[in-house]
Amino acid sequence: MSDTPSANPNQPGPPLWLLAELTYECPLHCPYCSNPVNLGSREQECDTETWLKVLSDAREMGAVQLGFSGGEPLLRKDLEQLVAHASGLGYYTNLITSGIGLTEKRIAALREAGLDHIQLSFQAANADANDLIGNKRHSFEQKLKVAKLVKQYEYPMVLNFCLTAQNIHQIEEVMALCCELEGDYVELATVQYYGWAYLNRDHLLPTQAQLIEAEAKVNAFREKQQGKGPHFIFVTPDYYEERPKACMNGWGTTFLTVAPDGSALPCHSAKILPLTFPNVKEKSVRDIWFDDFSFNHFRGYEWMQGPCKTCDEKEKDFGGCRCQAYMLTGDMYKTDPVCAKSPDHHLMAEAAAKSQTPQRELVYRDPKVTIPITEI
């Protein structure tokens with residue numbers, strides 16, 4: 001293992017945010033899930049010792065924020081051990097969970113282990129819609145119980161509501177529920193189209209009119225609050241935008257994701273790209289971050305084609321999302337089609353139009369379903 005980073009003109013600082021995707025297993029089957037559509041087997045998952053080493057190595061490099069995610073991370077029996085190890089290293093730890101399986105005994109153990117933060121996801125504001133979207137009966141009732149436990153154990157009440165065409169019209173009911181649950185921070189997150197969500201995009205993508213109406217309702221609700229109650233953050237998809245997002249603050253600059261099988265990725269969706277990514281079972285985190293071909297591939301600006309290469313905004317958006325460029329154009333080097341300067345920008349309007357007339361059935365996330373790559 002090298003003790004110092006390699007000499008690289010685009011050399012980054014250390015990863016600051018580590019996302020540990022502990023498992024792709026999940027009790028829910030949400031059709032908007034951003035996990036890969038071909039999930040792999042549980043036998044491929046990193047064992048406890050591998051995760052402990054990853055946490056130690058990344059912290060030694062300077063990582064400070066740590067998210068335990070999945071799938072559903074509560075399905076890992078060693079979660080408390082990993083949290084305790086991370087807490088001892090000095091991470092700020094965040095559990096990103098559906099809440100299914102979070103009993104009082106478990107939350108007490110996680111508090112004892114040093115967990116700092118819990119982000120709880122909901123699918124809708126009532127049981128019928130929530131359980132239908134998540135494809136699991138009684139999940140809404142369980143989530144309400146977990147929300148009470150989160151408050152009881154004095155965690156900040158951080159909620160995530162995943163908005164789609166199926167529930168965006170209920171956004172006022174969503175905000176009312178957040179107030180009832182005494183939420184502190186609420187992410188009203190319109191689904192981002194990767195993994196299963198991309199497969200189901202034509203069912204899930206709201207119209208531009210729906211988004212405008214929803215945002216107006218959020219703003220009106222905020223004004224009525226007069227600074228009291230939850231802090232609402234409204235996140236829109238970029239399918240109706242003119243400029244791309246600065247994906248992950250730039251490729252391999254801030255975020256490091258480790259998938260359940262040990263694959264190290266610059267973002268959670270990068271495995272769809274025609275690149276070979278390293279594995280933490282075979283290489284150190286330091287060598288991966290600084291020296292691996294895949295992590296260096298889209299750092300800096302040399303890789304860019306036109307119009308990005310000469311664009312005066314390239315230092316703001318880095319050409320947009322590499323995964324989205326690949327999914328929509330078939331070429332990971334192209335400008336993200338969200339950008340109005342892209343010759344492929346018309347693809348966004350075409351995608352929005354297709355969302356009004358889906359050509360196939362909604363596919364719920366299911367590890368038993370194998371999706372041919374040609375259909376993704």
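These legends go with a set of close-up views of a predicted model.

**About the numbers.** Residues count from 1 along each chain as its sequence is written, and side-chain values use heavy atoms, with hydrogens and water left out. Because the model is predicted, local features need pLDDT of at least 70 and side-chain atom pairs count only at pLDDT 80 or more, while totals for chains, interfaces and linings use all residues.

View 1. The protein chain has a mean pLDDT of 92 (pLDDT is the predictor's confidence in each residue, from 0 to 100). A value of 70 or more is reached by 95% of its residues. Residues 1-9 sit below 50, and this stretch makes 14 contacts in the model beyond near neighbours in sequence (contact means heavy atoms within 4.5 Å).

View 2. Strands are DSSP runs of E with at least two residues, helices are runs of H or I with at least four, and both are numbered from the N terminus; two strands pair if DSSP finds at least two bridges between them. S1 pairs with strand S8 (residues 255-258) in the parallel sense over 4 bridges, and Leu18 has Leu256 in S8 as its bridge partner.

**View 3. Cys46, tucked into a loop.** Look for Cys46 between strand S1 (17-21) and helix H1 (48-61). Cys46 is buried, with a relative accessible area of 2% (buried is under 20%, exposed over 50%, partly exposed in between, using a 1.4 Å probe and protein chains only). Leaving out residues up to four places away in sequence, Cys46 touches Trp51, Arg76, Ala259, Pro260, Asp261, Gly262, Val280 and Lys281.

**View 4. The largest cavity.** A cavity is a set of points on a 1 Å grid over the protein atoms alone where a 1.4 Å probe fits but cannot get out; lining residues have an atom within 4 Å of a point. The largest cavity holds about 130 Å³. Of its 16 lining residues, Cys247, Gly250, Trp251, Gly320 and Arg322 lie nearest its centre.

**View 5. The second largest cavity.** This one holds about 60 Å³. Its lining includes Pro244, Pro307, Cys308, Cys311 and Lys341.

Methods: On a 1 Å grid over the protein atoms alone, a cavity is a set of points where a 1.4 Å probe fits but cannot get out, and a pocket is an open set with protein on both sides within 12 Å along at least five of seven lines; lining residues have an atom within 4 Å of a point. Grid points are joined across faces, edges and corners, and a volume is the space filled by probe spheres set on the points.
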